[in-house]
Amino acid sequence: MSQPHARQRGSKNLWINAAYEMLVSDGIDAVKIMALAKKLNLSRTGFYWFFTDLKELHAAMIERWENKNTGTLVERCNRPASNISEGLFNLMDCWLDPSLFDAGLDLAIRNWARVDDDLQRLVNEADSLRIKAIADLFERHGFPSDQAHVRSLTVIYTQIGYISLGVEEARRGRLARVQHYVEIFSGTVPSTTDVEGFLARHI
């Protein structure tokens, strides 16, 4: 049975989750220790069981973003694929499955980086890793390096645009368009087998 003081301080993940929700909904300026304690109905001193200060909490939130978004995107690009269309569909899973890639968190981090130069450097590094992972995917499937790089930029900038503009689409409509994005990005018409395999994962 948990002790009363344990309930009052919660858990590390509980504080991080609350901070994440506040960041996504209200921005980094809203992420304050007292506000988090009130949101969680916990003692303010409970925060200090897990974090030295707010800066350490910020670092934990950034680490979550790096692992979940950049880490997953790179992993999807590195999955075995028999052709470029299959490889791009593996990547496109990120845009359709929030458990793979958190678009709200990505936007919140980018907005935060506008007022934090150190974080902006991390965002730039993350974008470079993402671009390289996608360019490497194109190169593995026979595209010349300069063309692979430009195609990877097109993929990344398109998705950043989607997130930044807050585009809202009916899920079925977006799913139906993904195969056309894959064709535009790669210059190759995806096979029926690849399209059906992708759709089966999301319908």
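Predicted model: local features only at pLDDT ≥ 70, side-chain atom pairs only at ≥ 80, totals over all residues.
Over the ring of which residue does the charged end of Arg64 sit? It is the ring of Tyr20, with the charged end of Arg64 5.7 Å from the ring centre, where sitting over a ring requires NZ of Lys or CZ of Arg within 6 Å of the ring centre and within 35 degrees of the ring normal. Residues are numbered from 1 along each chain as its sequence is written, and side-chain values use heavy atoms, with hydrogens and water left out.

The protein has ten helices and zero strands, these being DSSP runs numbered from the N terminus, H or I of at least four residues for helices and E of at least two for strands.

Turning to the rings, the structure holds eight aromatic pairs, a pair meaning rings of Phe, Tyr or Trp (its six-membered ring) with centres within 6.5 Å, stacked if the planes are under 30 degrees apart, edge-to-face if over 60 and tilted for the rest. One of them joins Trp95 and Phe101 edge-to-face, at 5.0 Å centre to centre and 90° between the planes, and both residues are buried, that is, under 20% relative accessible area, against over 50% for exposed and partly exposed in between, with a 1.4 Å probe and protein chains only. Tyr181 and Phe185 are stacked, because their ring centres are 5.9 Å apart and their planes at 25°; both lie in helix α9 (residues 171-186), four residues apart, about one turn of the helix. Tyr181 is partly exposed at 26%, whereas Phe185, at 6%, is buried.
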